[in-house]
Amino acid sequence: MTDIEYLKKYYSGNLDDAMNKLKEGIPVQYIVGNVDFYGINLKVNSNVLIPRFETEELVSKVVEYSKSFNNPTIVDIGTGSGAIAITLKKKILCNMIATDISQEALEVAEYNALSNNAQINFRLGNLLEPLNEKIDIVVSNPPYIAYDEEIMDIVKNNEPHIALYAPNNGLYYYEEILKNISKYLNKKYLIAFEIGESQGNMLKELSKKYLNNEAIIEKDMQGRDRFAFIKTF
Ligand SMILES: C[S@@+](CC[C@H](N)C(=O)[O-])C[C@H]1O[C@@H](n2cnc3c(N)ncnc32)[C@H](O)[C@@H]1O
C-alpha cells in the first residue's frame, strides 16, 4: 500500500493537512498516529520508534522458544511503544516487565498496554538497572545503528535518535546488557535480540566473552542476519 492509500484508509482528520505533512517528510504512521503490529493496534508518536516488520518476526520466534518455559518472567529492554512486551504478553502466560530510559516513550507504552488490556510492569531506567528479580527471558531491540551509518532521511529526521543510534559501531547496548545480565538470569534462560545485519559475528563474540555461550544468529524474511538468540536449553 502506498503512503497516500494508507492515509486515505486510516486517517480520520483533514486529508489535505495530512498530505501536506507527508510532503514535509513526516512518516505516515506518525501522521495517522497508530500502527498495526502483530495483530494489535498501537499508538505511535515522535517519542517512539515506529515498530518494524522484522520486530514482528522477533516476537514470533520468541513465542516459539518460550514454549519450553512455564509461566516465565520476561523483560523487554527498551520497550518504546511497548510493541514487543504487549504482543508477547498477549501470547504467553508470563510475568512481563518492560523498561525504557525515555519517560515519554513509557507513557506511550503504558497507554498501549491499557488499550490492549495487557498487564505489564513498566519501569523507567537505564538498561538492567530497574531490575531486581531473576529473569527467564530477556528480549531487546535496542538502538543499534552506528553513528556513521547512512540511514534514510525520513528515519533520521523523524524518529527519536535515542531509539536509533548506539556507540561502538552500534554494539554498545548489546555489550552492556551481556556484560551485566548473568546475575539476573535463571539457570535456564533465553536472550533474544534484534540486531543489525552486519552484527551477527560480533554478537557471537560478545556472547562467548560474557556468558561463555554460543549465540545462534537467525535471518529475517529478507535473508539478512537479524536476530541473535542465546539460550541454555
Ligand atoms: C530501537 S528502539 C525499540 C523500541 C521497541 N522495543 C520496538 O522494537 O519497536 C530502542 C528503545 O530503547 C530505548 N533506550 C535507549 N537507550 C536506553 C537505555 N540506556 N536504557 C533503556 N532503554 C533505552 C529507546 O528509548 C527506545 O525506546
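**Reading a ligand shell and a sheet**

Author: In this predicted model, 22 residues surround the ligand, the closest being Gly78, Gly80, Ile101, Asn141 and Ala163, where a residue counts as near if its C-beta atom, placed from the backbone, lies within 6 Å of the molecule. Residues are numbered from 1 along each chain as its sequence is written. Because the model is predicted, local features need pLDDT of at least 70 and side-chain atom pairs count only at pLDDT 80 or more, while totals for chains, interfaces and linings use all residues.

Reader: Which elements give two or more residues to the shell around the ligand?

Author: They are helix H5 (83–91), strand S4 (95–100) and helix H8 (161–164); helices (H or I, at least four residues) and strands (E, at least two) are DSSP runs, numbered from the N terminus.

Reader: How should I read the sheet, and in what order do its strands lie?

Author: Strands of a sheet pair through backbone hydrogen bonds, either parallel or antiparallel. Here seven strands form an open sheet of mixed pairing, in the order S5-S4-S3-S6-S7-S9-S8, with two strands counted as paired if DSSP finds at least two bridges between them. Strand S5 (121–124) and strand S8 (216–219) are the edges, each pairing on one side only.

Reader: How many bridges join S8 to strand S9?

Author: Four bridges join S8 to S9 (residues 225–231), and the two run antiparallel; Ile216 has Phe229 in S9 as its bridge partner.

Reader: What does Val139 contact beyond its neighbours within four places in sequence?

Author: Contact means C-beta atoms, placed from the backbone, within 7 Å, and on that basis Val139 is in contact with Val62, Ile74, Asp76, Ile84, Leu88 and Ala192.

Note on methods. Contact = placed C-beta atoms within 7 Å.
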